[in-house]
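I had some time at the screen today and kept a notebook as I went. Here is the structure I was looking at.

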Amino acid sequence: MRRTFVAALASALPLLLPLLAAAQTAQTPQNQDLWISINKPAARKVAIAVPDLLTPGTATLKSTVTDPFTATLRSDLEYSGAFGVADPAHYPAGSRDPTTPEAADAWRGGGAEYLADTRAQVSGDRVSVEARVWDLGARKMIMGKRYSGGVTYVERIAHTVANDIVKQFTGKDGLFLSSIVFVSDRDGFKEIYAMDFDGRSVRRLTSVKSLALSPAGSKSGKIAYTRYAQLFPQIWMMSADGSGKREVPTGIELNASPTLSPDDTQIAFAGSARGNTDIYVVNAGGGGLRRLTTTRAIEASPAWSPTGRQILYTSDQSGNPQIYAVDPEGTGARRVSFAGNWNDEASWSPDGARIAFACRNEGDFNICLMDFANGQTVQLTAEGSNGHPTWSPDGEKIVYSSRRGGRTHIYTMDLNGQNKRQLTDTGNNLQPVWIP
(Lines give C-alpha, C1' and ligand atoms only; values in the text may rest on other atoms or scores of the structure.)
Protein backbone atom coordinates (compact mmCIF):
# COMPACT_ATOMS: atom_id res chain seq x y z
CA MET A 1 0.00 0.00 0.00
CA ARG A 2 1.53 3.31 -1.05
CA ARG A 3 1.44 5.87 1.71
CA THR A 4 0.04 9.36 1.27
CA PHE A 5 3.49 10.71 2.09
CA VAL A 6 4.89 8.96 -0.99
CA ALA A 7 2.03 8.79 -3.44
CA ALA A 8 0.52 12.28 -3.30
CA LEU A 9 3.83 14.07 -3.51
CA ALA A 10 5.86 11.78 -5.71
CA SER A 11 3.13 11.64 -8.35
CA ALA A 12 3.04 15.43 -8.50
CA LEU A 13 6.77 16.13 -8.30
CA PRO A 14 8.98 13.37 -9.73
CA LEU A 15 12.06 15.25 -8.52
CA LEU A 16 11.18 14.13 -4.99
CA LEU A 17 11.59 10.43 -5.76
CA PRO A 18 15.33 10.26 -5.01
CA LEU A 19 14.70 11.83 -1.61
CA LEU A 20 11.88 9.39 -0.89
CA ALA A 21 14.03 6.43 -1.82
CA ALA A 22 16.72 7.69 0.51
CA ALA A 23 14.17 8.07 3.29
CA GLN A 24 13.06 4.45 2.89
CA THR A 25 16.62 3.13 3.28
CA ALA A 26 17.76 5.48 6.02
CA GLN A 27 18.81 4.33 9.48
CA THR A 28 15.86 3.26 11.62
CA PRO A 29 15.25 5.58 14.60
CA GLN A 30 15.58 4.29 18.13
CA ASN A 31 12.78 3.73 20.66
CA GLN A 32 10.52 1.73 18.35
CA ASP A 33 8.67 -0.50 20.81
CA LEU A 34 4.96 -0.83 20.07
CA TRP A 35 2.42 -1.78 22.68
CA ILE A 36 0.21 -4.12 20.66
CA SER A 37 -3.27 -4.42 22.12
CA ILE A 38 -5.85 -5.54 19.58
CA ASN A 39 -7.92 -7.73 21.92
CA LYS A 40 -8.55 -5.36 24.80
CA PRO A 41 -11.91 -6.17 26.43
CA ALA A 42 -14.72 -3.72 25.77
CA ALA A 43 -16.42 -1.83 28.58
CA ARG A 44 -19.63 -3.22 30.06
CA LYS A 45 -22.62 -2.69 27.78
CA VAL A 46 -26.06 -1.57 28.87
CA ALA A 47 -28.59 -4.35 28.27
CA ILE A 48 -31.62 -2.90 26.49
CA ALA A 49 -34.73 -4.54 25.05
CA VAL A 50 -35.87 -3.19 21.68
CA PRO A 51 -39.19 -4.79 20.75
CA ASP A 52 -40.67 -4.35 17.27
CA LEU A 53 -42.08 -0.93 16.44
CA LEU A 54 -45.77 -1.22 17.28
CA THR A 55 -47.53 -0.25 14.04
CA PRO A 56 -51.28 -0.84 13.84
CA GLY A 57 -52.38 -1.55 10.29
CA THR A 58 -51.84 -3.83 7.33
CA ALA A 59 -49.13 -6.39 6.67
CA THR A 60 -47.64 -3.97 4.15
CA LEU A 61 -46.74 -1.61 6.96
CA LYS A 62 -44.74 -4.38 8.63
CA SER A 63 -42.38 -4.64 5.66
CA THR A 64 -42.23 -0.91 4.85
CA VAL A 65 -42.29 0.61 8.35
CA THR A 66 -42.03 -1.82 11.26
CA ASP A 67 -39.22 -4.08 10.07
CA PRO A 68 -36.83 -1.45 8.65
CA PHE A 69 -37.32 0.82 11.67
CA THR A 70 -36.77 -1.95 14.22
CA ALA A 71 -33.76 -3.43 12.41
CA THR A 72 -32.14 0.00 12.11
CA LEU A 73 -32.69 0.93 15.75
CA ARG A 74 -31.31 -2.37 17.02
CA SER A 75 -28.32 -2.22 14.69
CA ASP A 76 -27.51 1.38 15.64
CA LEU A 77 -27.60 0.71 19.38
CA GLU A 78 -25.39 -2.36 19.03
CA TYR A 79 -22.97 -0.46 16.79
CA SER A 80 -22.60 2.34 19.31
CA GLY A 81 -20.70 -0.04 21.58
CA ALA A 82 -22.60 1.25 24.62
CA PHE A 83 -25.51 -1.18 24.36
CA GLY A 84 -26.20 -4.86 24.08
CA VAL A 85 -29.65 -5.56 22.64
CA ALA A 86 -31.38 -8.31 24.62
CA ASP A 87 -32.52 -11.36 22.62
CA PRO A 88 -36.03 -10.66 21.22
CA ALA A 89 -36.91 -14.34 21.67
CA HIS A 90 -37.05 -13.69 25.41
CA TYR A 91 -39.30 -10.62 25.30
CA PRO A 92 -42.60 -11.03 27.21
CA ALA A 93 -45.93 -10.88 25.41
CA GLY A 94 -48.68 -8.47 26.29
CA SER A 95 -48.40 -5.01 27.84
CA ARG A 96 -45.23 -3.02 27.20
CA ASP A 97 -45.62 -0.52 30.02
CA PRO A 98 -43.33 -1.70 32.85
CA THR A 99 -45.14 0.33 35.49
CA THR A 100 -45.91 -2.64 37.75
CA PRO A 101 -43.34 -4.91 39.42
CA GLU A 102 -44.72 -7.90 37.50
CA ALA A 103 -44.38 -6.22 34.09
CA ALA A 104 -40.91 -4.84 34.82
CA ASP A 105 -39.72 -8.22 36.11
CA ALA A 106 -41.02 -9.90 32.96
CA TRP A 107 -38.78 -7.67 30.84
CA ARG A 108 -35.85 -8.04 33.22
CA GLY A 109 -36.26 -11.81 33.07
CA GLY A 110 -35.27 -11.60 29.42
CA GLY A 111 -31.92 -10.05 30.33
CA ALA A 112 -32.80 -6.38 29.91
CA GLU A 113 -32.06 -3.47 32.24
CA TYR A 114 -33.83 -0.91 30.07
CA LEU A 115 -36.67 -0.97 27.55
CA ALA A 116 -36.89 1.09 24.36
CA ASP A 117 -40.60 1.03 23.53
CA THR A 118 -41.56 2.58 20.16
CA ARG A 119 -45.02 2.99 18.66
CA ALA A 120 -46.08 4.44 15.32
CA GLN A 121 -49.13 5.97 13.65
CA VAL A 122 -49.20 6.07 9.86
CA SER A 123 -51.39 8.50 7.94
CA GLY A 124 -50.98 8.48 4.18
CA ASP A 125 -47.30 8.94 3.43
CA ARG A 126 -46.46 10.28 6.90
CA VAL A 127 -45.40 8.38 9.99
CA SER A 128 -45.31 9.55 13.61
CA VAL A 129 -43.18 7.60 16.10
CA GLU A 130 -43.34 7.87 19.88
CA ALA A 131 -40.25 6.55 21.68
CA ARG A 132 -40.12 5.85 25.40
CA VAL A 133 -37.10 4.53 27.29
CA TRP A 134 -37.75 2.88 30.65
CA ASP A 135 -35.44 2.09 33.53
CA LEU A 136 -36.80 -1.35 34.41
CA GLY A 137 -35.27 -1.47 37.86
CA ALA A 138 -36.84 1.83 38.91
CA ARG A 139 -39.96 1.35 36.72
CA LYS A 140 -39.42 4.91 35.55
CA MET A 141 -39.54 6.47 32.09
CA ILE A 142 -36.25 8.32 31.52
CA MET A 143 -36.83 9.51 27.94
CA GLY A 144 -39.97 10.26 25.98
CA LYS A 145 -39.97 11.89 22.54
CA ARG A 146 -42.07 12.05 19.39
CA TYR A 147 -40.72 12.01 15.84
CA SER A 148 -42.40 12.40 12.47
CA GLY A 149 -41.51 12.31 8.80
CA GLY A 150 -42.20 10.64 5.49
CA VAL A 151 -42.73 6.89 5.47
CA THR A 152 -39.79 6.52 3.06
CA TYR A 153 -37.54 8.11 5.72
CA VAL A 154 -38.46 5.67 8.48
CA GLU A 155 -34.85 4.45 8.77
CA ARG A 156 -33.67 8.04 9.24
CA ILE A 157 -36.23 8.45 12.01
CA ALA A 158 -34.77 5.30 13.63
CA HIS A 159 -31.27 6.82 13.35
CA THR A 160 -32.56 9.95 15.11
CA VAL A 161 -34.14 7.90 17.91
CA ALA A 162 -30.86 5.99 18.33
CA ASN A 163 -28.92 9.26 18.51
CA ASP A 164 -31.17 10.51 21.30
CA ILE A 165 -30.93 7.25 23.25
CA VAL A 166 -27.13 7.30 23.02
CA LYS A 167 -27.04 10.89 24.23
CA GLN A 168 -29.42 10.07 27.09
CA PHE A 169 -26.99 7.43 28.39
CA THR A 170 -23.58 8.80 27.41
CA GLY A 171 -24.01 12.56 27.20
CA LYS A 172 -22.52 12.45 23.67
CA ASP A 173 -24.27 13.03 20.38
CA GLY A 174 -24.81 9.83 18.42
CA LEU A 175 -23.15 9.34 15.05
CA PHE A 176 -26.05 7.76 13.17
CA LEU A 177 -26.77 10.77 10.96
CA SER A 178 -23.10 11.35 10.15
CA SER A 179 -21.39 10.74 6.81
CA ILE A 180 -18.09 9.36 5.58
CA VAL A 181 -16.46 11.12 2.64
CA PHE A 182 -13.93 9.11 0.66
CA VAL A 183 -12.15 8.61 -2.67
CA SER A 184 -13.22 5.84 -5.05
CA ASP A 185 -12.37 4.72 -8.58
CA ARG A 186 -15.66 2.80 -9.00
CA ASP A 187 -16.68 4.93 -11.99
CA GLY A 188 -13.32 4.89 -13.76
CA PHE A 189 -11.67 7.96 -12.21
CA LYS A 190 -10.68 8.72 -8.66
CA GLU A 191 -13.49 10.97 -7.49
CA ILE A 192 -14.85 11.98 -4.10
CA TYR A 193 -17.95 10.25 -2.76
CA ALA A 194 -19.99 10.31 0.45
CA MET A 195 -21.94 7.58 2.24
CA ASP A 196 -23.87 7.17 5.46
CA PHE A 197 -21.90 6.05 8.53
CA ASP A 198 -22.91 2.43 7.85
CA GLY A 199 -21.93 2.38 4.16
CA ARG A 200 -25.41 2.94 2.74
CA SER A 201 -26.63 5.71 0.40
CA VAL A 202 -23.41 6.20 -1.57
CA ARG A 203 -23.42 9.42 -3.58
CA ARG A 204 -20.82 11.01 -5.85
CA LEU A 205 -19.68 14.55 -4.99
CA THR A 206 -17.17 15.40 -7.74
CA SER A 207 -16.93 14.85 -11.50
CA VAL A 208 -13.40 15.99 -12.26
CA LYS A 209 -12.82 13.02 -14.61
CA SER A 210 -9.17 13.11 -13.64
CA LEU A 211 -8.22 12.97 -9.94
CA ALA A 212 -9.97 14.33 -6.87
CA LEU A 213 -8.12 13.31 -3.71
CA SER A 214 -7.51 13.96 -0.01
CA PRO A 215 -10.91 15.17 1.23
CA ALA A 216 -10.90 16.89 4.62
CA GLY A 217 -14.08 17.78 6.46
CA SER A 218 -15.18 20.15 9.19
CA LYS A 219 -17.96 20.34 11.77
CA SER A 220 -19.82 22.86 9.63
CA GLY A 221 -19.95 20.44 6.69
CA LYS A 222 -17.32 22.10 4.50
CA ILE A 223 -14.99 19.82 2.54
CA ALA A 224 -11.54 20.77 1.22
CA TYR A 225 -9.85 18.53 -1.33
CA THR A 226 -7.12 18.38 -3.96
CA ARG A 227 -8.18 18.57 -7.61
CA TYR A 228 -5.86 17.35 -10.36
CA ALA A 229 -7.27 18.84 -13.56
CA GLN A 230 -4.49 21.23 -14.57
CA LEU A 231 -0.71 21.11 -14.77
CA PHE A 232 -0.40 21.34 -10.98
CA PRO A 233 -2.87 20.15 -8.33
CA GLN A 234 -5.04 22.82 -6.75
CA ILE A 235 -7.06 23.05 -3.52
CA TRP A 236 -10.83 23.25 -3.86
CA MET A 237 -13.72 23.61 -1.42
CA MET A 238 -17.31 22.36 -1.52
CA SER A 239 -20.28 21.74 0.74
CA ALA A 240 -21.02 18.28 2.14
CA ASP A 241 -23.58 17.63 -0.61
CA GLY A 242 -21.09 18.51 -3.37
CA SER A 243 -22.51 21.96 -4.09
CA GLY A 244 -20.70 25.32 -4.05
CA LYS A 245 -17.41 24.09 -5.54
CA ARG A 246 -14.69 26.73 -5.77
CA GLU A 247 -10.92 26.90 -6.07
CA VAL A 248 -8.81 28.24 -3.21
CA PRO A 249 -5.93 30.05 -4.93
CA THR A 250 -2.55 29.73 -3.22
CA GLY A 251 -0.06 31.11 -5.74
CA ILE A 252 2.27 28.11 -5.57
CA GLU A 253 2.64 24.95 -7.63
CA LEU A 254 2.03 21.85 -5.52
CA ASN A 255 -1.13 21.95 -3.37
CA ALA A 256 -1.90 18.65 -1.61
CA SER A 257 -3.40 17.14 1.56
CA PRO A 258 -5.51 20.11 2.76
CA THR A 259 -6.86 20.30 6.31
CA LEU A 260 -9.35 22.88 7.58
CA SER A 261 -8.87 24.88 10.76
CA PRO A 262 -11.61 24.33 13.36
CA ASP A 263 -13.28 27.64 12.47
CA ASP A 264 -13.06 26.95 8.69
CA THR A 265 -11.16 30.19 8.07
CA GLN A 266 -7.77 28.66 7.14
CA ILE A 267 -6.39 25.66 5.29
CA ALA A 268 -3.05 23.97 6.06
CA PHE A 269 -1.60 21.95 3.18
CA ALA A 270 1.54 20.44 1.68
CA GLY A 271 2.90 22.91 -0.85
CA SER A 272 5.94 23.49 -2.99
CA ALA A 273 7.22 26.72 -4.48
CA ARG A 274 10.70 25.70 -5.64
CA GLY A 275 10.78 21.94 -5.50
CA ASN A 276 10.90 21.42 -1.72
CA THR A 277 7.65 20.34 -0.08
CA ASP A 278 6.71 22.16 3.12
CA ILE A 279 3.62 22.85 5.20
CA TYR A 280 1.80 26.06 4.30
CA VAL A 281 -1.34 27.83 5.53
CA VAL A 282 -3.69 29.87 3.34
CA ASN A 283 -6.95 31.67 4.05
CA ALA A 284 -9.99 29.59 3.10
CA GLY A 285 -10.96 32.33 0.66
CA GLY A 286 -7.46 32.50 -0.80
CA GLY A 287 -4.60 34.83 0.05
CA GLY A 288 -2.60 35.26 3.24
CA LEU A 289 -0.18 32.45 2.32
CA ARG A 290 2.45 31.65 4.91
CA ARG A 291 5.06 28.89 5.15
CA LEU A 292 5.31 26.97 8.43
CA THR A 293 8.24 24.60 7.82
CA THR A 294 11.59 25.44 6.28
CA THR A 295 13.67 22.26 6.48
CA ARG A 296 15.20 20.47 3.51
CA ALA A 297 13.07 17.41 4.33
CA ILE A 298 9.78 16.42 2.71
CA GLU A 299 6.80 17.51 4.78
CA ALA A 300 3.21 16.40 4.10
CA SER A 301 -0.13 15.22 5.56
CA PRO A 302 -1.00 18.13 7.88
CA ALA A 303 -3.83 17.75 10.41
CA TRP A 304 -5.22 20.68 12.40
CA SER A 305 -5.90 20.11 16.10
CA PRO A 306 -9.45 20.59 17.46
CA THR A 307 -8.30 23.67 19.40
CA GLY A 308 -6.58 25.19 16.37
CA ARG A 309 -3.35 25.59 18.34
CA GLN A 310 -1.29 22.81 16.73
CA ILE A 311 -0.84 21.17 13.34
CA LEU A 312 0.47 17.64 12.95
CA TYR A 313 2.42 16.73 9.84
CA THR A 314 4.75 14.06 8.48
CA SER A 315 8.45 14.76 7.89
CA ASP A 316 11.44 12.60 6.96
CA GLN A 317 13.97 14.99 8.52
CA SER A 318 15.02 12.32 11.05
CA GLY A 319 15.49 9.62 8.38
CA ASN A 320 12.25 7.74 7.84
CA PRO A 321 8.90 9.57 7.94
CA GLN A 322 7.70 10.45 11.44
CA ILE A 323 4.97 12.66 12.84
CA TYR A 324 5.76 16.18 13.99
CA ALA A 325 3.73 19.06 15.43
CA VAL A 326 4.03 22.79 14.83
CA ASP A 327 2.14 25.87 15.97
CA PRO A 328 0.02 27.66 13.33
CA GLU A 329 2.54 30.51 13.42
CA GLY A 330 5.32 28.15 12.34
CA THR A 331 7.01 27.99 15.76
CA GLY A 332 7.67 25.13 18.18
CA ALA A 333 8.15 22.36 15.63
CA ARG A 334 8.91 19.05 17.37
CA ARG A 335 8.80 15.33 16.70
CA VAL A 336 5.96 13.48 18.46
CA SER A 337 6.11 9.86 17.15
CA PHE A 338 8.93 7.49 18.04
CA ALA A 339 7.45 3.97 17.84
CA GLY A 340 8.06 2.19 14.54
CA ASN A 341 10.17 3.12 11.54
CA TRP A 342 7.47 4.84 9.43
CA ASN A 343 4.51 6.88 10.74
CA ASP A 344 2.20 8.96 8.57
CA GLU A 345 -1.34 10.31 8.04
CA ALA A 346 -1.99 11.47 11.59
CA SER A 347 -5.47 12.45 12.74
CA TRP A 348 -6.55 14.10 16.01
CA SER A 349 -9.29 12.71 18.24
CA PRO A 350 -12.15 15.21 18.69
CA ASP A 351 -10.98 15.98 22.24
CA GLY A 352 -7.35 16.40 21.15
CA ALA A 353 -6.07 13.82 23.66
CA ARG A 354 -5.03 11.15 21.15
CA ILE A 355 -3.91 10.77 17.56
CA ALA A 356 -4.51 7.94 15.13
CA PHE A 357 -2.03 7.30 12.34
CA ALA A 358 -0.66 4.77 9.86
CA CYS A 359 2.27 2.98 11.48
CA ARG A 360 4.86 0.46 10.39
CA ASN A 361 7.52 -1.33 12.35
CA GLU A 362 8.06 -4.16 9.90
CA GLY A 363 5.83 -5.69 7.23
CA ASP A 364 2.58 -3.97 6.25
CA PHE A 365 1.21 -0.70 7.55
CA ASN A 366 -1.26 -0.79 10.44
CA ILE A 367 -3.37 1.68 12.37
CA CYS A 368 -2.01 2.93 15.70
CA LEU A 369 -3.36 5.18 18.44
CA MET A 370 -1.11 7.33 20.58
CA ASP A 371 -1.78 9.21 23.79
CA PHE A 372 -0.56 12.68 22.86
CA ALA A 373 0.52 13.53 26.41
CA ASN A 374 2.69 10.50 27.18
CA GLY A 375 3.36 8.93 23.76
CA GLN A 376 1.94 5.50 24.72
CA THR A 377 1.16 3.75 21.44
CA VAL A 378 -1.42 1.06 20.73
CA GLN A 379 -1.64 -0.96 17.48
CA LEU A 380 -5.23 -1.72 16.46
CA THR A 381 -4.96 -3.70 13.21
CA ALA A 382 -3.05 -6.79 12.13
CA GLU A 383 -4.56 -7.69 8.74
CA GLY A 384 -4.00 -6.08 5.35
CA SER A 385 -2.14 -2.86 4.58
CA ASN A 386 -3.93 -0.06 6.40
CA GLY A 387 -3.93 3.70 6.27
CA HIS A 388 -5.62 7.09 6.52
CA PRO A 389 -7.43 6.75 9.86
CA THR A 390 -9.86 9.46 10.96
CA TRP A 391 -12.19 9.69 13.94
CA SER A 392 -15.96 9.50 14.23
CA PRO A 393 -17.54 12.76 15.46
CA ASP A 394 -18.15 11.25 18.90
CA GLY A 395 -14.53 10.09 19.20
CA GLU A 396 -15.56 6.46 19.79
CA LYS A 397 -14.64 4.87 16.43
CA ILE A 398 -12.05 4.99 13.68
CA VAL A 399 -12.65 4.84 9.93
CA TYR A 400 -9.71 3.73 7.76
CA SER A 401 -8.77 2.08 4.47
CA SER A 402 -7.35 -1.43 4.19
CA ARG A 403 -5.90 -3.17 1.15
CA ARG A 404 -6.60 -6.90 1.09
CA GLY A 405 -6.67 -9.33 -1.82
CA GLY A 406 -5.73 -6.69 -4.36
CA ARG A 407 -8.54 -4.27 -3.43
CA THR A 408 -8.71 -1.33 -1.03
CA HIS A 409 -11.89 -0.79 0.98
CA ILE A 410 -13.19 1.35 3.83
CA TYR A 411 -13.57 -0.13 7.32
CA THR A 412 -14.61 1.12 10.74
CA MET A 413 -13.61 -0.20 14.16
CA ASP A 414 -13.85 0.56 17.86
CA LEU A 415 -10.93 2.16 19.69
CA ASN A 416 -9.88 -1.22 21.06
CA GLY A 417 -9.53 -2.64 17.53
CA GLN A 418 -12.73 -4.67 17.82
CA ASN A 419 -16.02 -4.57 15.88
CA LYS A 420 -14.39 -4.09 12.49
CA ARG A 421 -16.88 -3.55 9.66
CA GLN A 422 -16.29 -3.30 5.91
CA LEU A 423 -18.37 -0.48 4.40
CA THR A 424 -17.50 -0.60 0.68
CA ASP A 425 -17.40 -3.42 -1.84
CA THR A 426 -17.13 -1.78 -5.28
CA GLY A 427 -13.87 -0.57 -6.88
CA ASN A 428 -11.01 0.73 -4.75
CA ASN A 429 -11.92 3.06 -1.89
CA LEU A 430 -9.50 5.10 0.18
CA GLN A 431 -8.78 8.29 2.15
CA PRO A 432 -11.96 8.28 4.28
CA VAL A 433 -12.89 11.15 6.56
CA TRP A 434 -15.83 11.11 8.99
CA ILE A 435 -17.94 14.28 9.15
CA PRO A 436 -20.98 15.16 11.36
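My entries follow, on aromatic rings, a sheet and a few backbone angles.

**Entry 1: aromatic pairs.** I kept in mind that this is a predicted model. I searched the whole structure for aromatic pairs and got 11. I looked up Phe 182 and Tyr 193 and found their ring centres 6.0 Å apart, with 25° between the planes. I noted the pair as stacked, because stacking calls for planes under 30 degrees apart. Phe 182 sits in strand E7 (residues 179–184) and Tyr 193 in strand E8 (residues 191–196), so I put this down as a link between distant parts of the chain, 11 residues apart.

**Entry 2: another stacked pair.** I then turned to Tyr 313 and Tyr 324, which are stacked with 5.8 Å from centre to centre and 25° between the planes. Tyr 313 belongs to strand E19 and Tyr 324 to strand E20, so the pair ties together parts 11 residues apart in sequence. I checked burial here as well: Tyr 313 has 2% relative accessibility and counts as buried, and Tyr 324 is buried at 6%.

Entry 3: I followed E19 and E20 into an open sheet of four strands, ordered E18-E19-E20-E21 with antiparallel pairing. E18 and strand E21 (334–335) are the edge strands, each pairing on one side only. Between E19 (residues 311–315) and E20 (residues 322–326) I found five bridges. For Thr 314, the bridge partner in E20 is Ile 323.

**Entry 4: charges over rings.** Which residue lies over the face of Tyr 193? I found Arg 186 there, 5.5 Å from the ring centre. I also noted Lys 397 over the face of Tyr 79, 4.2 Å from the ring centre. Tyr 79 forms one aromatic cluster with Phe 176 and Phe 197.

Entry 5: I looked at Ser 301, whose phi is positive, near 55°. Ser 301 is in strand E18 (residues 299–304), and its 7% relative accessibility counts as buried because the limit is under 20%. Arg 139 has a positive phi as well, near 50°. I placed Arg 139 in the loop between strand E5 (126–135) and strand E6 (140–150). Arg 139 is partly exposed, with a relative accessible area of 37%.

Note on methods. Residues numbered from 1 in each chain as written. Predicted model: local features only at pLDDT ≥ 70, side-chain atom pairs only at ≥ 80, totals over all residues. Heavy atoms only, no water. Helix = DSSP H or I, 4+ residues; strand = E, 2+ residues; numbered from the N terminus. Buried < 20%, exposed > 50% of the residue type's maximum accessible area, 1.4 Å probe, protein only. Pairing = 2+ DSSP bridges. Phe/Tyr/Trp six-rings, centres within 6.5 Å; stacked < 30°, edge-to-face > 60°. Lys NZ or Arg CZ within 6 Å of the ring centre and 35° of its normal.
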